[in-house]
Amino acid sequence: MTHPPAPRSSTDLPGAADRRPAELPDVRLIEGMLARRTTNGPFRPGPVRREHQHLLMRVAQAAPSHFNSQPWRFVLIEDPRTIETVAEISGQSMTELIEAGVFFERYRRYFRFTEAEMEQRRDGIHIDHLPGPLRPFTRQIFSDAGLRLMRQLGVPKKLGEDNRKLVAGSPLLLAALLDKSEYRPGELSGFYSVFGLGAAVENIWNAVGALGMGIQFVSTPMEIPRQWRRLQELLHVPDDLELMAVYRLGYLPEEGKRPSIDWSSRHRKSLAQFVSRETCGVPEQE
Ligand SMILES: Cc1cc2nc3c(=O)[nH]c(=O)nc-3n(C[C@H](O)[C@H](O)[C@H](O)COP(=O)(O)O)c2cc1C
C-alpha cells in the first residue's frame, strides 16, 4: 500500500508533541513493553476507574491503521449481569472444548512440559502448575488415555468452572470489533484491518501494566461458533460490525494465587531463531 505523505499536526493525539531526543531513550516505556504479559489469575474486584478505561481507549486509537481508517470499535462492559453471562458462556465453552478433546487436538503442538524443553525451543507454553492428582500424568495429558483420565477426574468441569469464575470476577470486559466496510477477509483491506486492530490491542496490553492492571483473552467462546453467536447477540453486535475478540481486565491483586491448572510463557526465541540479515538465509547473531 502506498499513499502520499500527509501533513500532520503534533497536537492531534495526546502526548504527540512530547518528542524525546534519540540520546534520551524512554527506558520506562521500553521496560514496560518488555514486561508486558498476560494475566491468567484473578483481578481485584473493584471497578476500573473511568479515566483509566478512557486512557486505554486513547492508547488504542493511537495505533496505526491503513489510511488512518481506524477500523476498530470497542465495547466497555461493566454490567455485572452481562459479565456473568459472558462468564457462563466462557466456562461452558471451556468444559465443552476439554471434554471433547478439541482443545488438546487443536493446540497440542504449543504445549511444553519441562523447563529443558522450554529452554531448547524457546516458544510455546509450559504447563508448570497442575493439581496433585494430575501431576504424574503431565505428559499423557494429550493422549487418549490422558483424556479419559481427565474426564474421570472431572477436569473439564473443573477447568470450565475455574474459567467461569475468572471471567465473572473481572470488573471490566472489553469487546474488540472491526468495521466490516474495512474488514473484508480475503482482501488486503481485511489484512490491514486485523493488523491495525492488533496494534491497537497491543497498545492497550502495554498500557494496562503501567496502570497496575492485567488483561487476558476470553477466547474459549471463539472456538465454538454457536457460543460466539451467543456473545454477538448479548452485545447487540450490528450487521456492519464483526466481533473479533473479548478480553477481561482489572487491577492486579497484591499477590496472585495461581489457577489450578496454569502455564507460563515468558521464554522468547533467540535472535538467530527469528531475525536474519539482508536475506532470509543469514541468521542474525546476538
Ligand atoms: C491472537 C492471540 C490469542 C491468544 N489467545 C489466548 C487465550 O486464548 N488465552 C490466554 O490466556 N492467552 C491468550 N493469548 C496470550 C498468549 O498466550 C500469550 O501472549 C503468550 O503465551 C505469551 O505470554 P505473555 O503474553 O504473558 O508474554 C493470546 C495471544 C494472542 C496474540
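**Figure 1. The shell of residues around the ligand divides into two nonpolar, five polar and one charged.** In this predicted model, the residues that surround the ligand are Arg 37, Thr 38, Asn 40, Ile 125, Gln 216, Phe 217, Ser 219 and Ser 265. One of these residues, Ile 125, returns in the next view, where Phe 111 stands opposite Ile 125 in strand S3.

**Figure 2. Three strands form an open sheet in the order S2-S3-S7, and their pairing is mixed.** The edges of this sheet are strand S2, residues 111-112, and strand S7, residues 262-264, each of which pairs on one side only. Strand S3, which covers residues 125-129, runs parallel to S2 and is joined to S2 by two bridges.

**Figure 3. Helix H3 takes in residues 80-99, a run of 20 residues.** From its first C-alpha to its last, the helix reaches 28 Å, which is close to the 28 Å expected at 1.5 Å a residue. The buried residues of H3 are Val 86, Ala 87, Ile 89, Ser 90, Gly 91, Ser 93, Met 94, Thr 95, Leu 97 and Ile 98. An α-helix has 3.6 residues a turn, so residues three or four places apart point the same way. Among the elements that cover the buried residues of H3 are helix H4 (102-107), helix H7 (155-168) and helix H9 (225-234), together with strand S4 (172-179) and strand S6 (241-251).

**Figure 4. After helix H3 comes Gly 101, whose phi is positive, near 75 degrees.** This view also shows Val 102, which has its place in helix H4. Is Val 102 buried, exposed or partly exposed? Val 102 is partly exposed, because 13 other C-beta atoms lie within 10 Å, whereas a buried residue would need 20 or more. Although Val 102 and Glu 223 are 121 residues apart along the chain, their C-alpha atoms are separated by 9.3 Å.

Figure 5. Taken along the principal axes, the C-alpha atoms fill a box of roughly 65 × 50 × 45 Å. Of the 286 residues, 23% count as buried. Among the contacts between residues at least 6 apart in sequence, 79% join residues that are at least 24 apart.

Key. Residues are numbered from 1 along each chain as its sequence is written. This is a predicted model: local features need pLDDT of at least 70, side-chain atom pairs count only at pLDDT 80 or more; totals for chains, interfaces and linings use all residues. Two strands pair if DSSP finds at least two bridges between them. Helices (H or I, at least four residues) and strands (E, at least two) are DSSP runs, numbered from the N terminus. A residue is near a molecule or strand if its C-beta atom, placed from the backbone, lies within 6 Å of it. Ala, Val, Leu, Ile, Met, Phe, Trp, Tyr, Cys and Pro count as nonpolar, Asp, Glu, Lys and Arg as charged, and the others, Gly among them, as polar. The expected span of a helix is 1.5 Å times one less than its number of residues. A residue is buried if 20 or more other C-beta atoms lie within 10 Å of its own, exposed if 12 or fewer, and partly exposed in between; C-beta atoms are placed from the backbone. Two residues are in contact if their C-beta atoms, placed from the backbone, lie within 7 Å.
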